[in-house]
Amino acid sequence: MKKRAKNITQDKFYVFGAHLTYYYLLNLGIDENRILAVVDNDLNKQGKRMYGTNTKVISPHELEEGANIFVEMGPYNKEIIKGLDNIKNKINYI
């Protein structure tokens, strides 16, 4: 993930998953202000903020068409991408 994080060229993007991936990106030097929101399927997390930050957690249904989203969930990447593609027609995966 370290190499992928260094290769993120988009000024603003979303991160999938309200968990450690978000904090790991911050630890790798990604500026919190570049992250528009964290996208998560868990209704209990949606509408809240990531602990210690101002970044909100949103539903995948709130993504706009053409959104740039960082997905790094190991063996679940393909499943997550398929699910997101079923919700929105055009999402850019970074």
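This is a predicted model: local features need pLDDT of at least 70, side-chain atom pairs count only at pLDDT 80 or more; totals for chains, interfaces and linings use all residues.

Let me start with salt bridges, meaning a side-chain nitrogen of Lys or Arg within 4 Å of a carboxyl oxygen of Asp or Glu, and by this rule the count comes to 1 salt bridge. The pair consists of Glu 72 and Arg 4, whose closest N and O atoms are 2.4 Å apart. Because Glu 72 lies in the loop between β4 (67-70) and α3 (77-87), while Arg 4 sits in helix α1 (residues 2-6), the pair ties together parts that are 68 residues apart in sequence.

Residues are numbered from 1 along each chain as its sequence is written, and side-chain values use heavy atoms, with hydrogens and water left out.

Staying with charge for a moment, the chain has 14 positive and 11 negative side chains, and the centres of the two sets lie 5 Å apart. Here Lys and Arg count as positive and Asp and Glu as negative, with His and the chain ends not counted, and the place of a charge is taken as NZ of Lys, CZ of Arg, CG of Asp or CD of Glu.

Now for the overall fold: the chain has 3 helices and 5 strands, and read along the sequence they follow the pattern α-β-α-β-β-β-α-β. The radius of gyration is 12 Å, close to the 12 Å that the globule rule gives for 94 residues, so the chain is as compact as a globular protein of that length. The helices (H or I, at least four residues) and strands (E, at least two) are DSSP runs, numbered from the N terminus, while the radius of gyration is taken over C-alpha atoms and the globule rule is 2.2 Å times the number of residues to the power 0.38. Along its principal axes, the C-alpha trace spans about 30 × 25 × 25 Å.

How much of the chain is buried? Of its 94 residues, 39% count as buried, where buried means under 20% relative accessible area, exposed over 50%, and partly exposed in between, with a 1.4 Å probe and protein chains only.

Not counting residues up to four places away in sequence, Leu 25 touches Met 1, Ala 5, Val 15, Ile 30 and Phe 70, contact here meaning heavy atoms within 4.5 Å.

Gln 46 also counts as buried, at 19% relative accessibility, but its place is in the loop between β2 (35-39) and β3 (57-58). Leaving aside neighbours within four places in sequence, the contacts of Gln 46 include Asp 40, Val 57 and Pro 60.

Two further residues are found in the loop between α1 and β1 (13-16), namely Thr 9 and Lys 12. Thr 9 counts as exposed at 65% relative accessibility, whereas Lys 12 is partly exposed at 43%. From C-alpha to C-alpha, Thr 9 and Ile 94 are 8.9 Å apart in space, although they are 85 residues apart in sequence. Lys 12 and Asn 68, which are 56 residues apart in sequence, lie 7.6 Å apart in space by their C-alpha atoms, and Asn 68 is among the residues in contact with Lys 12.

Finally, Glu 32 is found in the loop between α2 and β2 and counts as partly exposed, at 24% relative accessibility. If we set aside residues up to four places away in sequence, Glu 32 touches Tyr 22, Leu 26, Thr 53, Asn 54 and Thr 55, while Ala 67, which is 35 residues from Glu 32 in sequence, is 17 Å away in space, C-alpha to C-alpha.
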